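Notes below, in the order I went through them.

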Amino acid sequence: MDQSLLPSVPSPETIDAAWLAGLLARHGIAWDIIDIAVDRVGTGQLGDTVRITPRYGTSRGPATLIGKFAASDPDSRAAASGGGLYAREVGFYRELAQHARLSTARCYAADLAEDGTFALLLEDCHPARPGDQIAGISARQARAAVIEAARLHAAFWDEGRGRDLSWLESGEVEVRPLTQPFYPSEAIRGAWPQYRERHAADLSTETIAVCDRFCERYESFAAIEAGRARCVTHNDFRPDNMLFDGEATLKVVDWQSAALGYAAVDVAYLIGGAFDAETRRIHEAQLVEAYFDELVAQGVKGYTRGQFDEDYRRFTFAGINVAICAAISVMRTERGDRLFLTMLDRHVRHVLDSGALALLD
């Protein structure tokens, strides 16, 4: 990955027209920007997102841009920096987006700073709107999403053996599967007791039992078959990180957790978390079929449906890992509590429905 770094990137509250024009100029874009207005958008907890409205002179660009910056909350920023998440997202847009086959927001500029701050200037995809993890999405939207996932995975299938993607690595992947690049066994084992105590009144006996077992037997969960093909995975592939324009069109955003991982993680994570259990049971088989058909159509060979089903079952645990560790790592908010509790309940039910607990024995 291109490692050129700035000394620092300002917070979105302090940027001005000169700074914006300078950032764009470093990336070969010469718009005559006279003034800007900046308004906060989004609900992300690991970064601050704003809509930038420039006022132009003679040379004009888009009416609005989306700017993404390091989180203003120190705990959230530390969690993101510690996992290299800002570097991953900048790296994705600099090196991988143009090869990824799926639809994502156009990136005008991507800069990383020595102090861990960063700036992305992205296409404003309005009128597309982000999905809502808590409310869930429709079956048609989920189908469009799993097809985009298949295109991403196929674009980089087994690339860990070829193209230099070492900057996406995070430890010994055969021992530590990349359900999230910064959540190894010690993270979930440290976070779960805190989460269980924080939400004691909100957790069912069933949820506590599954999460206790998952922490106790994490190494069994992590025992991926040696030699299984890896590819670029999103690793936070859920409705909040998708911009939907109607029922069948979307752009995938928020690439801070991109990693070299196993394809099934994105599929299980989306399907397990985007629906309540009853709705998931109705649509799950068709969504899995749509994903695998597209993966094959995109040219992937040597990965059987049986292998995918085995991996999919294993990665029903991925959302449990994320819901617990992220909740403890980032700034606590009312929506955050509802989000992570909803995710945890849905992913626990997915584990139970899939029979994945047997993998821990």
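What follows is my set of entries on the sheets, the helix packing and the cavity.

**Ground rules.** I'm working from a predicted model, where local features need pLDDT of at least 70 and side-chain atom pairs count only at pLDDT 80 or more, while totals for chains, interfaces and linings use all residues. Residues are numbered from 1 along each chain as its sequence is written, and side-chain values use heavy atoms, with hydrogens and water left out.

**Five-stranded sheet.** I started with the open sheet of five strands, which are ordered E1-E2-E3-E5-E4 with antiparallel pairing. For the labels, helices (H or I, at least four residues) and strands (E, at least two) are DSSP runs, numbered from the N terminus. Two strands pair if DSSP finds at least two bridges between them. Which strands sit at the edges? They are E1 (33-41) and E4 (107-112); each has a single partner strand, so one side of each lacks a neighbour in the sheet. From one strand to the next, I find an average twist of 25°. I then checked E1 against E2 (residues 47-56): eight bridges join them, and the two run antiparallel. Within E2, Thr-49 is the residue opposite Val-41.

**Helices on that sheet.** Contact here means heavy atoms within 4.5 Å. Axes are lines fitted to C-alpha atoms (for helices, over the stretch in contact), and angles run from 0 to 180 degrees between N-to-C directions. H1 (residues 17-26) lies across E1, E2, E3 (65-70), E4 and E5 (118-123), at about 95° to E1. H3 (residues 85-96) lies across E3, E4 and E5, at about 140° to E4.

**Three-stranded sheet.** There is also an open antiparallel sheet ordered E6-E8-E9. E6 (129-130) and E9 (250-252) are its edge strands, pairing on one side only. Two bridges tie E6 to E8 (residues 242-244), and Arg-129 has Phe-244 in E8 as its bridge partner. H4 (residues 139-155) lies across E8 and E9, running at about 45° to E9.

**H5 on H11.** How far apart are the axes of H5 (residues 185-198) and H11 (residues 318-329)? I get 8 Å, with a packing angle of about 75°. That makes the pair roughly perpendicular (65 to 115 degrees counts as such). On the H5 side, the contact includes Trp-192, Tyr-195 and Arg-198; among the H11 residues they meet as a group are Ile-324 and Ile-328. By class, I count eleven nonpolar, two polar and one charged. Ala, Val, Leu, Ile, Met, Phe, Trp, Tyr, Cys and Pro count as nonpolar, Asp, Glu, Lys and Arg as charged, and the others, Gly among them, as polar.

**H6 on H12.** The axes of H6 (residues 205-216) and H12 (residues 334-354) come within 10 Å and cross at roughly 70°. H6 and H12 are therefore roughly perpendicular too. Glu-206, Thr-207, Val-210 and Cys-211 in H6 meet Leu-344, Val-348, Val-351 and Leu-352 in H12. That contact divides into six nonpolar, one polar and one charged.

**Cavity.** H12 gives the most to the lining, with three residues. The lining divides into four nonpolar, three polar and three charged residues.

Terms used
Parallel < 35°, antiparallel > 145°, perpendicular 65-115°, else oblique.
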